[in-house]
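Student: I have a structure open and would like to learn how to read it. Can we go through some features together?

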Amino acid sequence: MTSLSSEQIFSLLQQLSSELSHKEVQEAALIEQIESLERELRDRKAILDRFAIVSETDTRGVITYANSKFCEVSGYSVEELVGKPHNIIRHPDMPKEAFKHLWDTIKAGKIWQGEVKNRRKDGSAYWVLATVGPLLDSEGFPYRYISMRIDITALKELEAQLQHEKSVLEKEYQENLLVASLFQKALLPPLQEGRISGFPLPHEIYLPEEGNQLLGTVVGFEVRSGFLVFLMLESLSKGPSGAILATLLLQEFRHLVRTSEIYSPERIAEALDKRLTAMIPSSFSSAAKLKAILVTLDLRRKRLAYLSLGVEGFWVRDEEIHKLKHFPFYLGEGMMNSAVESTLLLSPGERVLFSTGLPPVDSSISISQLLTTMRQNKHPFFWVESD
């Protein structure tokens, strides 16, 4: 055995002391790192516990862990929850099929998410948005399940309140719609099988109607001093406001013809346009615009003057269909000084047809085929025949 000199022993002791010091530094750094991770874990858990309801169960669904938020929301203590099946908080309103789908999903190693209605210890209900997933072993089989849930009770209560208010508003809307429909029909000329009572010439009017809904297209006529003046209006705004506006403007038309004895379509259109733009603010863009057809027939001279605003019209002679001139703007746009009426001289038996919307037509289609197509497509129209 070789003996070590005092110098060698001293050198070995220095080396050992250096290694021990290095180990102590490493250990201190490791302890600090562990403490930092533990603090971070505690902070993360504290934040999570303030936000989410967390629980863990074994593969049978028995609770093995419940956080403070779970206890707070459910009303149970940790001791009352741990060791109990998770269905301790199941609400009877939840269908069994929902939980079957949940278990089928997590047993397959997948994550399930959905809204669940639960029951507190005192019997009251609360809602959660739940995310449930498995922890898998090395072979991919679940050995524990973790559930994280967010309390959405306030949101569900607000949803129920909004649904109730929606139902109330819907009922009020339908009642108001019925009243407005009765009001509108009381102001419109009575229609019977496509005819207006008292109209002096053969004619047909088709206005699609559904139940108690307001008529989107309205018609009216006046006969004064040998002139028949006819008006068809359709608001670009669908619904009650547009239909009522068209009805009110129709009353303005009647008043205008009866009191001012104005029969010219372009002069009537100009007056109605001024009335409309004065009545409705310009910010109500489409709500104050209407398609319009104005027709004046001199019953003695058989001369027809017409003005079509945003509306196509057709002139029928010997079953041939000819397009009438129309302008690509509407009542309410303030452009009536650009609209000029056109005139036609009618022979006995000739028919003029107008509509606020027509299907594509060609010269080969007959008038009867055209009318059938328009009825099927629910296009409003009217035609008048010279006697």
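Tutor: Start with Ile268. Leaving out residues up to four places away in sequence, Ile268 touches Val229, Phe253, Leu256, Val257, Ile262, Tyr263 and Leu294. Contact here means heavy atoms within 4.5 Å. This is a predicted model: local features need pLDDT of at least 70, side-chain atom pairs count only at pLDDT 80 or more, and totals for chains, interfaces and linings use all residues. Residues are numbered from 1 along each chain as its sequence is written, and side-chain values use heavy atoms, with hydrogens and water left out.

Student: How many residues does the largest nonpolar core have?

Tutor: A nonpolar core is a set of buried Ala, Val, Leu, Ile, Met, Phe, Trp, Tyr and Cys residues joined through side-chain atoms within 4.5 Å. Buried means under 20% relative accessible area, exposed over 50%, partly exposed in between (1.4 Å probe, protein chains only). The largest core here has 29 residues. Ile268 is among those with the most contacts inside it, along with Leu233, Phe253, Leu290, Leu309 and Leu331.

Student: Which elements give two or more residues to this core?

Tutor: Elements are DSSP runs, numbered from the N terminus: helices (H or I) have at least four residues, strands (E) at least two. The contributors are β10 (227-235), α6 (240-260), α7 (265-279), β11 (290-298) and β12 (303-309). The largest share, seven residues, comes from α6. Apart from this core lies another, of 24 residues, including Ile293, Tyr306, Val352 and Phe382.

Student: How many aromatic pairs does a search of the whole structure find?

Tutor: Rings of Phe, Tyr and Trp (its six-membered ring) pair if their centres lie within 6.5 Å; planes under 30 degrees apart count as stacked, over 60 as edge-to-face and the rest as tilted. The search finds nine pairs. Phe199 and Phe221 are tilted, at 5.1 Å centre to centre and 55 degrees between the planes. Phe199 lies in the loop between β7 (195-196) and β8 (203-206), and Phe221 in strand β9 (residues 217-224), so the pair ties together parts 22 residues apart in sequence. Both Phe199 and Phe221 are buried.

Student: Where do Phe354 and Phe382 lie?

Tutor: Phe354 is in strand β16 (residues 351-355) and Phe382 in strand β17, 28 residues apart. Their rings are stacked, 5.7 Å centre to centre with 20 degrees between the planes. Phe199, Phe221, Phe230, Tyr306, Phe354 and Phe382 form one aromatic cluster.

Student: How many bridges join β8 to β17?

Tutor: Two strands pair if DSSP finds at least two bridges between them. Four bridges join β8 to β17, and the two run antiparallel. Ile205 stands opposite Phe382 in β17. From β8, His203 and Ile205 point one way, Glu204 and Tyr206 the other, and all are buried.

Student: What is the strand order in the open sheet of five strands?

Tutor: The order is β2-β1-β5-β4-β3, with antiparallel pairing. Why do β2 (63-66) and β3 (112-119) stand at the edges? Each has a single partner strand, so one side of each is left without a neighbour in the sheet. Strand β1 (residues 53-57) pairs with β2 over three bridges. In that pairing, Glu56 stands opposite Tyr65 in β2.

Student: Is Ser386 buried or exposed?

Tutor: Ser386 counts as buried because its relative accessibility is 4%. Ser386 is found in the segment after β17 (381-385).
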